[in-house]
Amino acid sequence: MPANSTFLKEMGITEWTLRDASPNTSQAIVAAEESGSQALNAVNETMVANETTSTTEAKVRVSYGIWWFFGSKPQGEAEVLFQNTIRVLGLTPQEWTWKSPLETFNPELLPQDGTPIVALAFGGPAAQKLSGERDGLAELRETVLAMSADGAEDLPLIATFEFNQLLASPKNKALFWQDLLLAKSVLQNT
């Protein structure tokens, strides 16, 4: 049994599949891992050949909406964590914007084509300013809030931790992930 399979089984993952792989390729990988490294090399060569032909075809990426991030712009290690968050969410530069909660909201900035927007407020003060609520971050989290600015009442707002808080207390990263999933769910259901 290859070492990777042992690690995957320890993590509770019984089958490893590639995102863009067809079901036949995924089954071939599992069969190759069971039969040995020569079969795995053959599968890898086939996958490289398939990947080369698929990259020549135009890939169309579907956007689910726009993400607005409000709060103090992260710097240093916090910025690395933010960039990793963007990467994990699979967002392109056109799909997200960093904004200050102190900026005056301009309804003309809303997309005219009806593209859904979700706003994430990083930290209690940003969430309070944008929602008009007085509760602390612990009470505002896990709730879909509404922005209090004129013309933005229909925009969903999700309160979450500041990146510096996550670096100081890594146990909150799981809660942050829940907030991101809530925001993604709201965006997809809008």
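The following legends describe close-up views of a predicted model.

**Figure 1. Overall arrangement of helices and strands.** The protein contains eight helices and five strands. Read from the N terminus, the order of these elements is α-α-α-β-α-β-β-α-α-β-β-α-α. Of the 190 residues in the protein, 34% are buried. Among contacts with a separation of 6 or more, 66% are made by residues 24 or more positions apart.

**Figure 2. Strand β1 and its two parallel partners.** Strand β1 (residues 66-70) runs parallel to β2, and four bridges join the two. Strand β1 also pairs with β3 in the parallel sense, over five bridges. Phe69 takes part in both pairings: its bridge partner in β2 is Trp98, and its bridge partner in β3 is Leu120. Together with helix α4, strands β1 and β2 make a right-handed β-α-β unit.

**Figure 3. Strand β3, enclosed on both faces.** Six of the six residues of β3 are buried, so this strand is largely enclosed by the rest of the structure. On one side lie Ile117, Ala119 and Ala121, and on the other Val118, Leu120 and Phe122; all are buried. Strand β3 pairs with β5 in the parallel sense over four bridges. In this pairing, Leu120 stands opposite Ile158 of β5.

**Figure 4. The largest nonpolar core.** In soluble globular proteins, nonpolar side chains tend to be buried together. The largest such core in this model has 40 residues, and those with the most contacts inside it are Trp67, Trp68, Phe69, Leu120, Met147, Leu155 and Phe163. Elements giving two or more residues to the core include β1, α4, β3 (117-122), β5 (156-160) and α8 (173-188). Strand β3 provides the largest share, six residues. Leaving aside neighbours within four places in sequence, Leu155 is in contact with Trp68, Phe105, Leu110, Ile117, Leu145, Ala146 and Met147.

Figure 5. The structure holds 14 aromatic pairs. One of them joins Phe82 and Trp98 in an edge-to-face arrangement, with 5.0 Å centre to centre and 80 degrees between the planes. This pair links distant parts of the chain, since Phe82 belongs to helix α4 (residues 77-89) and Trp98 to strand β2 (residues 96-99), 16 residues apart. Phe82 and Trp98 are both buried. Both also belong to one aromatic cluster, formed by Trp67, Phe69, Phe82, Trp96, Trp98, Phe122, Phe163 and Phe176. In a further arrangement, the charged end of Lys99 sits over the ring of Trp68, 4.6 Å from the ring centre.

Figure 6. Lys73 lies in the loop between β1 and α4. Because its relative accessibility is 61%, Lys73 counts as exposed. The C-alpha atoms of Lys73 and Glu162 are separated by 9.4 Å, although the two residues are 89 residues apart along the chain. Asn172 is placed in the loop between α7 and α8. With a relative accessible area of 15%, Asn172 is buried, as the cut-off for that class is under 20%. Not counting residues up to four places away in sequence, Asn172 touches Phe161 and Leu166.

Definitions and conventions: Residues are numbered from 1 along each chain as its sequence is written. This is a predicted model: local features need pLDDT of at least 70, side-chain atom pairs count only at pLDDT 80 or more; totals for chains, interfaces and linings use all residues. Side-chain values use heavy atoms; hydrogens and water are left out. Rings of Phe, Tyr and Trp (its six-membered ring) pair if their centres lie within 6.5 Å; planes under 30 degrees apart count as stacked, over 60 as edge-to-face and the rest as tilted. Buried means under 20% relative accessible area, exposed over 50%, partly exposed in between (1.4 Å probe, protein chains only). A charge sits over a ring if NZ of Lys or CZ of Arg is within 6 Å of the ring centre and within 35 degrees of the ring normal. Two strands pair if DSSP finds at least two bridges between them. A crossover is right-handed if, with the strands pointing away from the viewer, the path from the first strand over the helix to the second runs clockwise. A nonpolar core is a set of buried Ala, Val, Leu, Ile, Met, Phe, Trp, Tyr and Cys residues joined through side-chain atoms within 4.5 Å. Contact means heavy atoms within 4.5 Å.
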